[in-house]
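Good morning, and thank you for making time for this item. I would ask you to keep the sequence and the structure in view while I speak.

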Amino acid sequence: MSQQLFLPLQKLFIVLSISLLVLGCSTEEKPFTELSTGVTNIDFSNRVTSTPEFNIINYMYFYDGAGVAAGDLNNNGLPDLFFVGNEEPNKLYINKGEFKFEDVTDQAGVAGDDGSWSTGVTMADVNGSGYLDIYVSRVNYLNKSGPNQLFINNGDGTFTERASEFGLDFEGYATQAVFFDYNKNGRLDLFILNHSFHSEKTYGPVDVLRDIKDPKAGDRLFRNDGDTFTDVTEEAGIISSALGYGLGVAVSDINKNGWPDIYVGNDFHEDDYLYINNGDGTFTESLYDFVGHTSNSSMGNDIADITNDGYPDIISLDMMPDNHDSFMRSGGPDLVIIAEAKKNFGFGEKNARNTLQVNRGLSPDGIPIFG
């Protein structure tokens, strides 16, 4: 068969194959059905307005969005939804069943306040009352102000903002927060993931810069002491410098020793962090003891047993566009001279790709083997 004849037949075969695939899929039942606002009564929209004072130029995470948390706030067995917008008021929707929700923001007292820039939200029973509370992460930068907020559930459909009372009114560049019992005393502690900004403090020997605590950008660990929380970041061994551009955090027992560990995804500059819980109130950052490389611009992560072998695996998502032109326009890879400089400074190996770290089990010394 000639090359000229082969190519048209090859194309015809591809078209027919795709057509059959589409026809085959079209007869299958859709796994999900989109429900309109008219059905659910959920009409939240995260609208942002670019201004000369606050925009993508002077705040590089301007279009990163905010967040949503789901949880049964009134203990009726149905998950409720809490939305935060960057500069929109918070919205709380109580689940009435049959995918119908009621906006109870005003009567619940959780709208927040004007002038802030919210970035994330999580639910947890912070005070051990049996009801889920709500913690909102916010950014205090340029003309945006306001500390993180803790809405304590009163158990009667209302909430009271009590972050200051609990010592959790952190003011900085927060991205997200996660509650977990790191010291296994039965109380939920708090890890706050923060992000940084371009700074002259972010280039240099990493073993020096990581020891310089930043008042707004560095991550934080707060220990729950019952009626209040104590900042134990430094004594716990958590890196809290301007190097970290935190965009993702996950908690899991990586080395299967019964103590929760922390994985932090850092955007484009700093390495990710893998904090191994030592079981004595401290953590040891051990990322490159376990893995060979990570994503370059870690935008989010999760930990789960993907291979069903009983060991937690780690996935990190990168921001690489799907075509070369967009990749180069959005920054592209580091120039060779910059990459070499960062390597000499002590930064680790990274690739501009999504990364799946498969946990192959533990070595005889109890160290996870990823590959």
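A word on the source first. This is a predicted model, in which local features need pLDDT of at least 70 and side-chain atom pairs count only at pLDDT 80 or more, while totals for chains, interfaces and linings use all residues. Residues are numbered from 1 along each chain as its sequence is written, and side-chain values use heavy atoms, with hydrogens and water left out.

Let me start with the overall picture. The secondary structure comprises nine helices and 23 strands; helices (H or I, at least four residues) and strands (E, at least two) are DSSP runs, numbered from the N terminus. The C-alpha trace spans about 80 × 55 × 55 Å along its principal axes. Of the 371 residues, 44% are buried. Here buried means under 20% relative accessible area, exposed means over 50%, and partly exposed lies in between, with a 1.4 Å probe and protein chains only. The protein exposes about 19,000 Å², and carbon and sulfur atoms supply 54% of that area. Accessible areas come from the Shrake-Rupley method with a 1.4 Å probe, and for residues only the protein chains shown count as cover. As for contacts, meaning heavy atoms within 4.5 Å, 55% of those between residues at least 6 apart in sequence join residues at least 24 apart.

I turn now to strand β6. How many of the residues of β6 are buried? The answer is seven of its seven. In a regular strand the side chains alternate between the two faces of the sheet. In β6, Asp133, Tyr135, Ser137 and Val139 are buried on one side, and Ile134, Val136 and Arg138 are buried on the other. Strand β5 (residues 117-124) runs antiparallel to β6 and is joined to it by seven bridges; two strands pair if DSSP finds at least two bridges between them. Within that pairing, Ala124 stands opposite Asp133. β6 also runs antiparallel to β7, with three bridges between them, and Val136 has Gln149 in β7 as its bridge partner.

The loop between β6 (133-139) and β7 (149-153) holds Lys144. Is Lys144 buried or exposed? Lys144 counts as buried because its relative accessibility is 11%. Its side chain makes a polar contact of 3.1 Å with the side chain of Glu87. A polar contact is a pair of N or O atoms within 3.5 Å; within protein, one must be able to donate a hydrogen and the other to accept it, and residues adjacent in sequence count only if both atoms are side-chain atoms. Beyond its neighbours within four places in sequence, Lys144 is in contact with Phe54, Glu87, Gly115, Ser116, Trp117 and Val139.

Next, some backbone angles. Most residues other than glycine have a negative phi, and most peptide bonds are trans. Asn41 has a positive phi of about 70° although it is not a glycine; Asn41 is placed in the loop between α2 (37-40) and β1 (67-71). With a relative accessible area of 40%, Asn41 is partly exposed. Phe268 also has a positive phi, near 45°, and lies in the loop between β14 (261-266) and β15 (273-277). Phe268 is partly exposed, at 24% relative accessible area.

Strands β22 (residues 359-362) and β23 (residues 368-370) run antiparallel and are joined by two bridges, with Leu362 opposite Pro368. Five residues separate the two strands of this hairpin, and Gly366 in the turn has a positive phi of about 80°.

Finally, the surface. Which residues form a nonpolar patch with about 420 Å² of accessible area together? They are Tyr203, Leu335, Ile337 and Ile338.

Notes. Patches are made of residues with over 30% relative accessible area and no salt bridge: like charges are joined within 9 Å, nonpolar side chains (Val, Leu, Ile, Met, Phe, Trp, Tyr) within 5 Å. A salt bridge is a side-chain nitrogen of Lys or Arg within 4 Å of a carboxyl oxygen of Asp or Glu.
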